[in-house]
Amino acid sequence: MSWNMYKTHHRYGGVRGDTLLDFGTGASIYHLLSACEVFDKIIVSDLLEQNRTEFQKWLNKDPDAFDWTPIIKGVCELEGNRENSEKKAEKLRSKVKQVLKCDALKRNPYDPVIVPPADCLLVCLCLETPCKDVRSYCNVLKNFKDLLKPEGQILILGTLNGTYYHAGKKRFSLLSSKKEDLEMAFKEAGYIIEKAVYTLRADKSNIDVADYEGHYFIHAHKPK
Ligand SMILES: C[S@@+](CC[C@H](N)C(=O)[O-])C[C@H]1O[C@@H](n2cnc3c(N)ncnc32)[C@H](O)[C@@H]1O
């Protein structure tokens with residue numbers, strides 16, 4: 001069971017609503033498995049077509065799709081319902097209403113589509129690469145406000161103090177974010193922080209793959 005899956009499962013406490021917008025989904029579902037219990041509709045989105053296609057394969061039960069069964073079972077276990085992993089997968093599939101293209105660096109990240117304001121925006125490990133500095137991170141947060149209803153919630157999971165990560169042979173830069181900078185960015189962008197959690201990286205065995213020092217989780221909301 002991955003750290004991210006565990007954390008994401010536990011962080012929905014109290015957050016619920018009609019629509020969840022997942023930003024920078026990649027081809028992942030781990031962070032949506034608990035969300036599908038508390039939201040009626042989920043819109044997933046990513047910059048890259050290959051990620052959207054891969055997600056769509058899982059949605060369509062394509063035989064080539066990545067097998068998420070062990071992760072689904074893990075989440076069911078965390079939720080105290082370990083026998084129902086197939087039902088859980090079906091529930092998530094039934095809640096995903098759209099797979100959209102998005103770009104964090106655009107004023108309207110869904111341009112030319114106008115997505116109706118959502119109850120909650122979920123962003124897991126997506127902003128570290130597109131945002132080159134805290135100013136750019138803050139601008140993205142400001143633009144995200146238009147994607148939310150008044151009092152809409154934002155949940156962001158990210159890495160702390162990293163400079164790079166590798167995906168295969170490709171090297172990506174990471175936004176080197178510090179606790180104080182992140183909280184300041186949320187405040188400057190006009191959010192009210194409800195909770196901020198910081199954890200240090202325990203296992204540094206894969207430091208050559210990525211050099212971040214920990215994770216942060218910030219739960220905030222847009223004012224009325
Ligand atoms: C590390 S993956 C995280 C995927 C997923 N959220 C997860 O937690 O497994 C980062 C994702 O951000 C997407 N991404 C990178 N730049 C982006 C941008 N400018 N706008 C939207 N998504 C972007 C990538 O395509 C990739 O799917």
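**Strand S2 and its neighbours**

Guide: Start with one pairing. Phe-39, in S2, is the bridge partner of Gly-17. Keep in mind that this is a predicted model.

Visitor: OK. Which strand does S2 pair with over six bridges?

Guide: Strand S1, residues 17-23. S1 and S2 pair in the parallel sense.

Visitor: And how many bridges join S2 to S3?

Guide: Five. Strand S3 covers residues 96-101, and S2 and S3 run parallel.

Visitor: Which residue in S3 stands opposite Ser-45?

Guide: Leu-100.

Visitor: Is S2 mostly covered or mostly uncovered?

Guide: Mostly covered. S2 spans residues 39-46, and six of those eight residues are buried.

Visitor: Where do side chains point in a strand?

Guide: In a regular strand they alternate between the two faces of the sheet.

Visitor: New topic. What share of the residues in the whole protein is buried?

Guide: Buried residues make up 36% of the 224.

Visitor: How many helices and strands are there?

Guide: Six helices and nine strands.

Visitor: What about its spans along the principal axes?

Guide: The C-alpha trace spans about 45 × 45 × 35 Å.

Visitor: Why does the radius of gyration agree with a compact globule?

Guide: A compact globule with 224 residues would have a radius of gyration near 17 Å. The protein has 17 Å, so the two agree.

Visitor: Last one. Take contacts between residues at least 6 apart in sequence. What share joins residues at least 24 apart?

Guide: For this protein, 69% of those contacts do.

Terms used
Residues numbered from 1 in each chain as written. Predicted model: local features only at pLDDT ≥ 70, side-chain atom pairs only at ≥ 80, totals over all residues. Helix = DSSP H or I, 4+ residues; strand = E, 2+ residues; numbered from the N terminus. Rg over C-alpha atoms; globule rule 2.2 N^0.38 Å. Buried ≥ 20, exposed ≤ 12 C-beta atoms within 10 Å, placed from the backbone. Contact = placed C-beta atoms within 7 Å. Pairing = 2+ DSSP bridges.
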